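Please look at the sequence and the structure first.

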Amino acid sequence: MRTMFHRRPMKISIYRVVRVRCTIAMMTRSSSIMTTHKSLNCHPIMEHYRIKKEEEDDDEATMESDASDSCPSLVPIYNEKGELIDDVKLLPGKSDQQEPEPVTEQKASSDDDTVAMDESDEESREVLENYRFYDAVDRRMTLVMMKKPLHLYGHVSVQALFGRVEITGYTLDMAEKRIVYAARGYNAVNLTPVPEPVAFQRPAFEAILQKLKSQFTRRTIDELLKLFNPTDYVLLLLEAEQEKRDTARLVHRYLEEYDLFPASNTTTTASLRATEYWLNVRLLEPRADGTSKLPLFQANPSWDEVMLATDSRLLVLGGKGAGKSTLCQFLINKSLKMFERILLIDLDIGQPLLTAPEMISATVLDVPLLGVSSFAAVQQPVRCQLFGSLNVVTNPIFYIQNVRSLLEHCENTPSLRGFPWIINTMGYVSGFGEELTAAIMRLVQPTDVIQLTIPGARERGSENYRHPMTAEFIQGYKFNILQNEIAPKLSQVLRYKHYAFEVCFDAQVNALAAPKRRNVSLMVQLVKILGEETECFTAVRPNSAKLDDLEVLITRDGYQPTKEMLPNVVNATLVYLCEKLDHEQYSCLGVGIVRAVDDVRKVHLIHPLTPQQLGRVKVLALCHTSLPSQISLELQPTMQGTIPYLQNVGKKQTSPTPPPASSLPEEELPLPGH
């Protein structure tokens with residue numbers, strides 16, 4: 001397929017092209033300097049474990065070395081408070097000659113960092129009975145023997161070694177390993193043990209522990225062999241994710257101020273310092289009264305009533321903050337092993353589960369969504385359709401037309417039959433929102449409807465539907481604005497099971513705000529542009545095409561620029577890369593960044609699409625969502641100077657007059673620093 005975009009052998013200069021307003025450049029960030037107390041050789045916890053390992057390795061020697069009792073004079077050692085340890089007797093475990101108490105048997109943190117670390121003997125015994133943590137010698141892994149549920153923030157892999165563990169509705173079988181993306185401001189995921197004493201085999205247990213001897217101390221292995229009871233406990237292996245090119249790691253780097261994943265310097269007052277520090281996680285023990293200052297995943301026991309079938313079309317309804325996305329994740333995770341695939345149709349244009357905002361989409365899922373769903377390594381959407389706004393009221397008829405088109409596409413695709421559909425909706429429930437929901441229900445023809453109701457919704461800044469959205473109510477609903485759009489469906493009789501569930505969790509004060517969540521979802525899509533070779537957008541080689549060969553769709557502000565002003569409007573912007581469908585609708589293939597528009601009206605675009613997908617792009621859409629400023633401020637280390645249009649220049653500088661457009665070379669000019 002012929003494409004209008006061409007990749008040139010060289011890159012465009014942001015300095016020598018006239019009227020180029022490329023904002024993706026020019027500010028270097030100084031790399032953070034790791035302080036001495038974080039050094040592997042001088043951290044007190046690391047020193048403690050090194051001493052333990054040396055002592056165990058030398059047990060069989062005829063003479064034990066006393067090197068571990070001395071401190072190298074040129075290597076300062078600090079405690080967790082940053083205080084210098086100038087006496088070897090002050091090292092952990094060296095104040096007396098007795099063997100130190102294992103630091104791995106620790107209590108999980110309360111969600112309030114101000115909780116005192118001192119505990120009564122009774123509380124300590126209860127903690128040790130419920131949880132035991134054993135950190136590996138290299139600190140990247142931790143064995144967890146657990147009896148009670150635990151919540152977790154962090155980016156780690158979880159493997160069930162013996163027994164099973166349930167995470168947000170998905171049950172890890174024995175030996176199964178999955179990656180968790182539990183970011184701050186979202187729900188902390190639950191780790192709920194599911195012991196399996198019948199499947200436990202002692203020889204296999206001993207063989208697995210023998211394989212772990214190289215990573216853990218002998219005391220850890222011996223204690224597990226002695227204490228592990230398969231009737232009450234499960235054994236998990238947590239491992240910090242070290243993959244440099246991981247999407248979550250790149251997003252965390254660009255959105256550093258969001259503090260998405262726990263940082264080691266924020267857990268110094270938590271009682272589980274060692275494990276949290278080295279895995280870079282936050283572990284939270286559920287409170288007895290069920291309250292929390294942080295958003296924790298809490299499954300409503302009533303959710304277990306919902307049973308899906310291969311022909312199910314389940315629709316989830318509720319106001320803002322009712323937990324529709326969380327319930328969708330739970331149902332997907334719970335049903336995935338039974339059906340192997342689930343079709344998620346996301347009609348939420350404000351906070352979609354998997355895509356950039358301002359779109360509706362259909363995606364086949366064959367992996368669980370553990371944590372922030374947009375981080376999951378899912379398949380490309382079957383189809384995304386652009387709405388072009390965060391507010392459905394701007395054009396509700398166009399929205400319903402897109403919903404109808406998306407549903408028809410799914411119905412006419414044979415490969416999407418034979419497994420359940422789960423449909424997520426917006427939180428627009430009052431006024432016209434009721435008619436909009438009724439129209440969606442007519443188009444979907446659901447088999448099941450879950451209606452979430454928030455107790456005291458107004459006090460929590462939300463609203464509920466005024467009526468139960470039962471089949472009888474929707475069947476007799478009198479449409480006004482959307483009558484013509486759903487007319488062909490009015491003759492069909494609705495038959496579905498209606499579930500009315502009350503929201504059982506409290507409003508969270510530390511949840512990430514909606515605009516920031518949209519930024520996270522958008523950044524997940526944008527970092528796909530970086531590929532495997534670079535972490536800077538300025539280093540990505542752009543493709544170019546003539547601006548006049550493309551349709552530029554502007555959905556914001558109702559502003560339509562003249563042909564002469566169009567290059568300035570498009571330059572240095574976020575664009576939705578679209579293919580035009582019938583009835584003025586658009587299929588969105590991804591998002592990209594216009595790196596520059598030059599004097600001869602060529603658009604230079606960076607994007608994540610394959611050549612086949614790029615060949616279908618004929619429309620660049622500028623919508624309400626703007627390019628995150630973090631991208632404009634990040635550049636490759638070889639580039640120097642000020643950031644055009646973003647950074648003030650104290651001393652007035654005059655630039656050399658650029659040559660006329662006709663004298664510019666045909667090939668793109670190299671970027672500065674190349």
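## Cysteines and disulfides

A disulfide is a pair of cysteine sulfur atoms within 2.5 Å. The model is predicted. By that cut-off, it holds 0 disulfides.

Take Cys578 and Cys588. The cysteine sulfur closest to that of Cys578 belongs to Cys588, and it lies 4.3 Å away. That is too far for a bond. A disulfide needs the two sulfurs within 2.5 Å, so the 4.3 Å between Cys578 and Cys588 rules out a bond.

Are these cysteines buried or exposed? Cys578 is buried, at a relative accessible area of 0%. Cys588 also counts as buried, with 6% relative accessibility.

## Packing of helix 3 and helix 4

Two packed helices are described by the angle and the distance between their axes. Helix 3 spans residues 202–211, and helix 4 spans residues 218–227. Their axes come within 10 Å and cross at roughly 165°. Helix 3 is therefore roughly antiparallel to helix 4. The crossing is right-handed.

## Residues at the helix contact

Which residues make the contact? Helix 3 supplies Arg202, Phe205, Glu206 and Leu209. Helix 4 supplies Ile221, Leu224 and Leu225.

By class, the contact of helix 3 with helix 4 has 5 nonpolar residues and 2 charged ones. No polar residues take part.

Methods
Residues numbered from 1 in each chain as written. Predicted model: local features only at pLDDT ≥ 70, side-chain atom pairs only at ≥ 80, totals over all residues. Heavy atoms only, no water. Axes fitted to C-alpha atoms, helices over the stretch in contact; angles between N-to-C directions. Helix = DSSP H or I, 4+ residues; strand = E, 2+ residues; numbered from the N terminus. Parallel < 35°, antiparallel > 145°, perpendicular 65-115°, else oblique. Left-handed = near helix turned anticlockwise from the far one by under 90°. Contact = heavy atoms within 4.5 Å. Nonpolar A, V, L, I, M, F, W, Y, C, P; charged D, E, K, R; others polar. Buried < 20%, exposed > 50% of the residue type's maximum accessible area, 1.4 Å probe, protein only.
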